[in-house]
Amino acid sequence: MENSDISNIHNITLASKIALIAGNGNFPVKFAKNAKNKGIEIVIIGVKGEASEELKELADKWYELKIGEFGKFLKILKNEKVTQMAFAGGIRRINLFGNVKIDAKGLLILAKAKTIRDDVILRVIANEVEKSGIKVLSPTVLLKDCVAKQGLITNRDFTQEELNDVKFGWNVAKEIGKFDIGQGVVVADGLVVAVEAVEGTDNMILRAGKLIQKSANSPKGVLVKLVKPQQDLRLDLPTVGPKTIESMKEAKLSALAIEAQKTVIIDPITFQKMANEAKIAVRVFNKDEI
């Protein structure tokens, strides 16, 4: 079933104490800072090998767990008496092949999921959490300014050729999303150059750039990054930010297409500035435009 947009899950009263399960990137840090600014007590459970060290200083209570220690995770939530929690940040899929310690509860969760696909496992974990009376929030409830809104973000708009690549790439991205392969694709001249898999978006961008640069004399290639059709919008939203632009600049890609109300932009002001400086076109599309 096609998901709705994120505005439908923002109408909620925040508790005075919230748990944050933190993966990598700057998004968990921004969430924690905004929580502190609002006077919210923040209990942070960092994923070992993923969560930023900066989070330790921001946490009222800090815990660190390996992937798979779900029993300990649920016990922490119970002991801390939290009523709301959020997931923020990514977990590099390549780390699912190592740094994993699956406990008894974790085995039960995997049995229910019947797969190691991350979107399915996250939904099963969220369901287990909510069975215990804890509300799972979208992290964007504290970062509404980071939710992508429809329209052109940069000074330069898409060329007609880039728009054609967006329309093609959009359909491809939705199809690979159905199978939880990844969230992004790079398209150039109507050809799929790269599909995101376990390496993550930035590495996929660099891989695509090497292929395109063999034949292109100028920046070329459109990155289309979209939410998966079956995605729970509280969990693992597509995220772009300054690092995305940095990778696109290095790869000499020319444009980025993302989806309105279903994408997070980390540090939007810096993101826009860097894209303009690199002459990378960025537009936020509604699906009706495609």
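Show the surface of the protein chain: the accessible area is about 13,600 Å², and 53% of that belongs to carbon and sulfur atoms (Shrake-Rupley method, 1.4 Å probe). This is a predicted model, where local features need pLDDT of at least 70 and side-chain atom pairs pLDDT 80 or more, while totals for chains, interfaces and linings use all residues. Residues are numbered from 1 along each chain as its sequence is written, and side-chain values use heavy atoms, leaving out hydrogens and water.

Switch to cartoon view, and you will find nine helices and 13 strands (DSSP runs, H or I of at least four residues for helices, E of at least two for strands, numbered from the N terminus).

Next, select L20, F31, I44 and L55, the residues with the most contacts inside the largest nonpolar core, which has 27 residues. Such a core is a set of buried Ala, Val, Leu, Ile, Met, Phe, Trp, Tyr and Cys residues joined through side-chain atoms within 4.5 Å; buried means under 20% relative accessible area, exposed over 50%, partly exposed in between (1.4 Å probe, protein chains only). Helix α1 (27-37) gives the most to this core, with five residues.

Now zoom in on F31. Which residues does F31 touch, not counting those up to four places away in sequence? They are I18, L20, I42, A86, P139, L142 and L143.

For the last stop, select K279, in the loop between α9 (268-278) and β13 (281-285). K279 has a positive phi, near 60°, and is exposed, with a relative accessible area of 62%.

Definitions and conventions:
Contact = heavy atoms within 4.5 Å.
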